[in-house]
Amino acid sequence: MNAQNQIAAKPLNNLLLISGILILVYVLAFIVPSGEYQRRQEDGITVVVPGSYSQIQKIRPTVMELLSAPARGFSASADVIAFVLLIGGAFGVIGRTGALEAGLKSMVHVTSRHKRLKKLFPALLLMVFSLAGNTFGMSEEVLLFVMITVPMAHQMGYDTLTGLAIPFVGAAVGFAGAAFNPFTVGVVQGIAQLPPFSGFEYRMGVWMVFTLAAIAYVYGHIRKVAKNPSAGFFSDIRGFETGSDPTHSRNVTTLLIIFGMGLVLMMVGVKLWEWYIAELAGMFIGMAVVVAVIGRLQPQEATDAFLNGCRDMVPVVVVIGLSRSILVLAEDAGIIDTLLYGIVQVTEGLPGEIAVQMMFLTQGLINFFIPSGSGQAALTMPLMTPLADLMQINRQTAVLAFQFGDGIFNMIIPTSGVTVGVLSLTGIPFNVWVRWCMKLVLWLVILAGIALAIGVFFPNVWQ
């Protein structure tokens with residue numbers, strides 16, 4: 001694929017892929033038996049009752065249920081869609097001041113004068129995002145940073161894949177190997193009746209290995225593109241709109257400080273005050289208002305910039321809503337619990353060192369249908385925990401298997417709103433991304449298998 005073809009690549013490829021998967025799930029609904037587990041409430045979380053699976057009368061979704069699944073997917077993803085649209089509008093206002101453009105140019109200027117700093121910058125930035133995934137479970141927030149890192153990568157001479165990989169892969173490996181992520185480790189350990197964030201020492205070691213593997217992979221790509229630019233992927237991302245009025249650049253330093261403070265406030269809010277999508281969107285809207293005033297934007301100019309920013313997000317939200325419709329249709333057909341039951345049956349009776357790998361892959365398969373970490377935990381861990389006890393597998397290792405299955409495969413599943421969102425935002429077709437990312441995923445799967453084997457053979461690592 002040459003550079004011109006790469007620039008012309010459109011999110012439509014991702015839209016067609018998700019539509020095909022939706023039709024495939026509709027066909028499976030007529031083949032896979034319908035069934036369900038009983039559920040109960042534990043500490044405010046709905047969990048599955050082990051051993052309670054039973055088949056129910058076969059549910060065959062109608063054609064109208066198939067056709068209405070996208071609309072219901074939009075409804076189920078309303079919070080994420082609103083988040084993306086509002087953040088897009090806020091970035092439109094911030095970008096209109098010209099401050100981000102000026103800041104990027106200054107950063108590129110500084111790094112170009114210090115070759116060693118330019119070489120280290122992607123690694124340092126990826127490490128920061130990985131730490132964010134490790135500590136407070138950065139996920140949807142990546143949609144914000146992609147609009148900064150991709151233009152920044154272009155300014156520094158890197159391609160779009162590099163700009164996307166820095167925040168997205170960084171946060172993903174941090175999420176997968178997390179020691180303190182409250183949305184996965186915290187929830188799963190609670191279900192498995194383990195002390196909160198216990199065993200963090202071994203998980204921190206896993207996190208470091210995963211992060212170094214990701215850095216090595218990204219740098220391998222950077223070297224490859226440096227030798228052969230046609231091997232890179234370059235797309236035209238409109239992460240923010242640049243200002244044309246030179247008066248807007250008078251307060252560049254102040255505007256960048258406000259923007260930086262906003263990012264810090266976002267991290268603090270998520271960690272200390274349990275901010276989520278609504279609060280984060282509200283914070284960025286407030287920041288956009290402050291920036292518009294200090295940047296001396298006229299009311300009509302700020303309004304136009306906001307609407308243009310929202311408009312640029314429309315292809316992204318369409319893909320997000322459609323990807324959620326796959327889960328909606330699978331739930332309609334009652335096949336998710338049946339698939340989980342079948343996997344648990346296959347896993348039982350295997351040696352512990354093999355069973356733990358099956359548990360890992362099982363979580364990855366279930367993650368296709370339930371990309372939400374906490375949602376998947378409530379479904380699978382009440383079954384995986386007693387299964388681990390039966391096979392004399394440390395519960396901490398079972399938790400780690402969940403983390404790997406949930407985190408690693410999130411990078412390549414088309415049902416993840418974040419994954420399809422960042423790809424649509426950057427103009428990278430899903431097949432191009434999977435082809436680029438698959439080797440890294442395989443690396444991580446191998447490293448995960450080794451880490452799980454160590455947890456089985458040397459249970460003292462959890463003490």
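1. Let's start with the overall inventory. The protein has 20 helices and 4 strands. Keep in mind that this is a predicted model. Of the 463 residues in the protein, 55% are buried. Now look at contacts between residues at least 6 apart in sequence: 82% of them join residues at least 24 apart.

2. Next, helix pairs. Two packed helices are described by the angle between their axes and the distance between the axes. Take α8 and helix α18 (residues 395–407): their axes come within 8 Å and cross at roughly 160°. Angles over 145 degrees count as roughly antiparallel, so α8 and α18 are roughly antiparallel to each other. Their crossing is right-handed. On the α8 side, the contact is made by A172, F175 and A176, and on the α18 side by Q403, F404, D406 and G407. Sorted by class, that contact of α8 with α18 has 4 nonpolar, 2 polar and 1 charged residues.

3. Now try a second pair, α7 and helix α19 (residues 417–426). At what angle do α7 and α19 pack? The angle is about 25°, and the axes are 10 Å apart. The cut-off for roughly parallel is under 35 degrees, and α7 and α19 are therefore roughly parallel to each other. Here, too, we have a handedness to note: α7 passes α19 in a right-handed crossing. From α7, the contact uses V142, L143, V146, M147 and V150, while α19 brings V418, G421, V422, L425 and T426. The residues in this contact of α7 with α19 divide into 8 nonpolar, 2 polar and no charged.

4. On to the aromatic rings. The count comes to 14 aromatic pairs. One of them is F129 with F145, an edge-to-face pair at 5.1 Å centre to centre with 75° between the planes. This pair links distant parts of the chain, since F129 sits in helix α6 (residues 115–136) and F145 in helix α7 (residues 142–155), 16 residues apart.

5. F180 is partly exposed, with a relative accessible area of 26%. F197 counts as partly exposed as well, at 27% relative accessibility.

6. Which residues of α9 (residues 182–191) are buried? They are T184, V185, V187, V188, Q189 and I191. Just after α9, check the backbone at Q193, which takes a positive phi of about 60°.

7. R296 is another backbone spot to check. Its phi is near 60°, a positive value in a residue other than glycine. You'll find R296 in the loop between α12 (277–294) and α13 (299–312). R296 is partly exposed, with a relative accessible area of 45%.

8. Have a look at N410 too, in the loop between α18 and α19. How does N410 score for burial, buried or exposed? It counts as buried, at 16% relative accessibility. Leaving aside residues up to four places away in sequence, N410 touches F168, N367, P371, S416 and T419. N367 is 43 residues from N410 in sequence, with 7.4 Å between them, C-alpha to C-alpha.

9. Last one: V268, which is found in helix α11 (residues 252–272). V268 is partly exposed, with a relative accessible area of 31%. V268 and F136 are 132 residues apart in sequence, and their C-alpha atoms are 9.5 Å apart in space.

Technical notes
Residues are numbered from 1 along each chain as its sequence is written. This is a predicted model: local features need pLDDT of at least 70, side-chain atom pairs count only at pLDDT 80 or more; totals for chains, interfaces and linings use all residues. Side-chain values use heavy atoms; hydrogens and water are left out. Buried means under 20% relative accessible area, exposed over 50%, partly exposed in between (1.4 Å probe, protein chains only). Helices (H or I, at least four residues) and strands (E, at least two) are DSSP runs, numbered from the N terminus. Rings of Phe, Tyr and Trp (its six-membered ring) pair if their centres lie within 6.5 Å; planes under 30 degrees apart count as stacked, over 60 as edge-to-face and the rest as tilted. Axes are lines fitted to C-alpha atoms, for helices over the stretch in contact, and angles run from 0 to 180 degrees between N-to-C directions. Angles under 35 degrees count as roughly parallel, over 145 as roughly antiparallel, 65 to 115 as roughly perpendicular and the rest as oblique. A crossing is left-handed if the near helix is turned anticlockwise from the far one by less than a right angle, and right-handed if clockwise. Contact means heavy atoms within 4.5 Å. Ala, Val, Leu, Ile, Met, Phe, Trp, Tyr, Cys and Pro count as nonpolar, Asp, Glu, Lys and Arg as charged, and the others, Gly among them, as polar.
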